[in-house]
Amino acid sequence: MKKIEAIIKPFKLDEVREALSEVGVTGLTVTEVKGFGRQKGHTELYRGAEYVVDFLPKIKIEIVVADETVEPAIEAIVKAARTGKIGDGKIFVSAVEQVVRIHTGEANEAAI
C-alpha cells in the first residue's frame with residue numbers, strides 16, 4: 001500500500017477528484033494549505049500599499065491505495081491538475097505499513 005500526497009492549485013480540486021474516481025479511488029482527504037516552491041510568492045496592492053504574499057493557497061490531497069493503483073492514480077492527478085504554468089504542484093508517494101478501519105476493524109487492503 002502507498003500513501004499519495006498531492007499539492008495542487010485550489011481550482012483544480014474537482015477535476016482531480018473526478019479523475020481519481022475514474023481510476024477506482026474511493027476516498028480521499030483534502031486539506032487547505034499554504035506554501036511556496038519555485039513559484040515563490042507575489043506582490044499585491046492593498047489600499048495603496050504594496051505587500052508581499054509569501055505563502056500561496058494550495059490544496060493537499062491524501063489518498064492510500066493498493067500498490068497496483070499507484071501509477072494510474074498519479075497519472076490521473078497529473079493529467080487533471082496540470083495547467084502548464086509554474087505552481088501546478090507536486091506529488092509525494094510513501095509506503096504505508098498498516099491501515100485499520102475503525103468502524104469494522106478491517107485491516108490493510110480490506111480497509112482501503
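**Figure 1. Salt bridge between E62 and K3 in a predicted model.** The side chains of E62 and K3 form a salt bridge with an N to O distance of 3.0 Å (a salt bridge being a side-chain nitrogen of Lys or Arg within 4 Å of a carboxyl oxygen of Asp or Glu). The pair links distant parts of the chain, 59 residues apart: E62 lies in strand β5 (residues 56-65) and K3 in strand β1 (residues 2-8). Strands are DSSP runs of E, at least two residues, numbered from the N terminus. E62 is buried, at 19% relative accessible area, whereas K3 is partly exposed, at 26%. Buried means under 20% relative accessible area, exposed over 50%, and partly exposed in between (1.4 Å probe, protein chains only). The model is predicted, so local features need pLDDT of at least 70 and side-chain atom pairs count only at pLDDT 80 or more, while totals for chains, interfaces and linings use all residues. Residues are numbered from 1 along each chain as its sequence is written, and side-chain values use heavy atoms, with hydrogens and water left out.

**Figure 2. Salt bridge between E15 and K12.** The closest N and O atoms of E15 and K12 are 3.2 Å apart. K12 is buried, with a relative accessible area of 9%. E15 is partly exposed, at 38% relative accessibility.

**Figure 3. Salt bridge between R101 and E106.** In this pair, 2.4 Å separates the closest N and O atoms of R101 and E106. R101 is partly exposed, with 31% relative accessibility; E106 is also partly exposed, at 31%. A search of the whole structure finds six salt bridges.

Note on methods:
Helix = DSSP H or I, 4+ residues; strand = E, 2+ residues; numbered from the N terminus.
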